[in-house]
Amino acid sequence: MNILVIGSGGREHSICWAIKKSPQLDKLYCIPGNAGISDLATCIPEKDLTNENIIKVCKEFKIDLVVIGPEAYLVNGLSDILIAENIRVFGPNKDASILESSKSFTKNLCSKYGIPTAKYETFSNKNYAYEYLEKQNVPIVIKADGLASGKGVIIANSKPEAFKAVDEIFSGKFGESGKIIVIEEYLEGTEASFFAISDGNNVIPFTTAEDYKRVFEKNKGPNTGGMGAYSPAPIVSKELEKKIISKIIIPTLNALKRKKNAYNGFLYVGLMIKNNEPFLIEYNIRMGDPECQVILPRLKTDIVKIFIDTIKNKLTNTKIKWKKQKSMTIVLCSKGYPGKYKKNSRISNLNQINYSKNDYIYHAGTKLFNQEIRTNGGRVLNITSVGDSFSKIRKKIIKIIKKINWKDGFYRKDIGWKVINKK
């Protein structure tokens, strides 16, 4: 089977790594890929990544299955076009992708079907948003309605900070994604990421993780695409899993089916857990990044089989097995991220690092230039490890980062602090 992965981040590197182990694989391709992915797959550096050009690539390389990583391709209807061309694809169609592309749609769906979530209001007018904020308590959460690469959520701890966030979003900070904003109450509790897979008729749990969005230690600074993660999330018990599926996921998927938008693919459920009750923070229509990088090293089942069973609506026949071990990843970023940062910085020690079979370095913002690994983004490398203790795993990862010794990089040293300190 010839398989094409769409994307260039750490998530896609970990997906390629998992696919590479499948006995069903003949040839693996990736558009556009990165320096790390090029060791596993044939990277096709297509500059004009339109749906039409991706179809041309699929036909040229006789692709049997396409796996879409980033949400933007799903939102712009790539799955629909691939299906129309009789090319198998793992990932929801454009209509179902609205769960992530419009936060206001999802919040309204929650309200209509009684899905537990934070109280909220939506606004397309800045002055009305100001008036609403005047009457609210802080902290409060301000969200751009559309896609914003994980940076469109601001937790405002003061009224001036909240007004500033509203002003920045309406002033075009996130482009078209900020034409509508959602203002919602700040929920106290423990965050967790729950992953499920749906084939349009059936849904099965995948696993759990917890990620760290804030750029600085002690969860300070602006939101990022993710500074690290660990899996599994201990807070999600079997009892809580049943609540998440029955109270949140199934009502959502049934609502989509009523609109004839059956959901097929990974479903990322961002949660706040309070008093052992789940509240929906957000949906993502794909695997998380960097959560994917801690989940897939724990997966024992052939991921290609999972993809095919999902596409064929046969998830009821799928038994997913996991390693009993824990995993963690720490993201090594370019200095200045998520603000301005320089590109094309050379990472010279990477190929000299010796690490065990339980350690992985997933590339994100990298490229090959004159046989050298250079930076090409804000989040550059995901250093991941698997073991029996989160504390020991983190120490091992930090040792690897120190050996890499990249002077233009920085990272959070406290990933997993909640679960480590609790113990």
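**Entry 1**

I started with Glu168, which is partly exposed, with a relative accessible area of 30%. I kept in mind that this is a predicted model. I then looked for a charged partner, since side chains of opposite charge can pair when their charged atoms come close. Glu168 forms a salt bridge with Lys173, and the closest N and O atoms are 3.4 Å apart. Lys173 is exposed, and I noted its relative accessible area of 52%.

I wrote down a volume of about 420 Å³ for the second largest pocket.

Next I asked which element gives the largest share of the lining. My note says helix H8, with four residues. Strand S8 (153-156), helix H8 (159-170) and strand S13 (220-223) each supply at least two residues of the lining. I also sorted the lining by class, and got seven nonpolar, six charged and four polar residues.

**Entry 1: a salt bridge across the chain**

The side chains of Glu210 and Lys418 meet in one of them, at 3.7 Å from N to O. This pair links distant parts of the chain: Glu210 is in strand S11 (residues 203-211) and Lys418 is in helix H13 (residues 417-422), 208 residues apart.

Is Glu210 buried or exposed? I have it as buried, with a relative accessible area of 5%. Lys418 counts as partly exposed, at 28% relative accessibility.

For a pair within one element I went to helix H9 (residues 238-258), where Glu241 and Lys238 both lie. They are three residues apart, about one turn of the helix. Glu241 forms a salt bridge with Lys238, and here the closest N and O atoms are 4.0 Å apart.

I checked how open each partner is. Glu241 counts as buried at 18% relative accessibility, because the cut-off for buried is under 20%. Lys238 counts as exposed, at 62%. I also jotted down a network: salt bridges that share partners join Glu239, Lys243, Lys247 and Glu277.

**Entry 2: Glu184, with a lysine at hand**

I found Glu184 in strand S9 (residues 181-185). Glu184 is buried, with a relative accessible area of 5%. Which side chain does the side chain of Glu184 make a polar contact with? The partner is Lys143, at 3.1 Å. Leaving out residues up to four places away in sequence, Glu184 touches Lys107, Ala118, Lys119, Tyr120, Ile140, Val141 and Lys143.

**Entry 3: Asp309 in H11**

I moved on to helix H11 (residues 303-311), which holds Asp309. Asp309 is buried, and I noted a relative accessible area of 11%. The side chain of Asp309 makes a polar contact with the side chain of Thr318, at 2.7 Å. Thr318 is also among the contacts of Asp309 beyond four places in sequence, which are Lys314, Leu315 and Thr318.

Val67 lies in strand S4. I have Val67 down as buried, at 2% relative accessibility. Not counting residues up to four places away in sequence, Val67 touches Ile3, Leu4, Val5, Ile6, Ile15, Ile19, Phe90 and Phe307. I also compared Val67 with Val304: they are 237 residues apart in sequence, and 9.7 Å apart in space from C-alpha to C-alpha.

**Entry 4: the buried side of H2**

In H2, I found Asn51, Asn53, Ile54, Ile55, Val57 and Cys58 buried. What do the buried residues of H2 pack against? My list has strand S1 (2-7), strand S2 (27-32), strand S4 (65-68), helix H3 (71-75) and helix H4 (78-84).

Conventions:
Residues numbered from 1 in each chain as written. Predicted model: local features only at pLDDT ≥ 70, side-chain atom pairs only at ≥ 80, totals over all residues. Heavy atoms only, no water. Buried < 20%, exposed > 50% of the residue type's maximum accessible area, 1.4 Å probe, protein only. Polar contact = N/O pair within 3.5 Å; in protein donor to acceptor, adjacent residues only side chain to side chain. Contact = heavy atoms within 4.5 Å. 1 Å grid on protein atoms, 1.4 Å probe; cavity = no way out; pocket = protein on both sides within 12 Å on 5 of 7 lines; lining within 4 Å. Points joined across faces, edges and corners; volume = space filled by probe spheres on them. Nonpolar A, V, L, I, M, F, W, Y, C, P; charged D, E, K, R; others polar.
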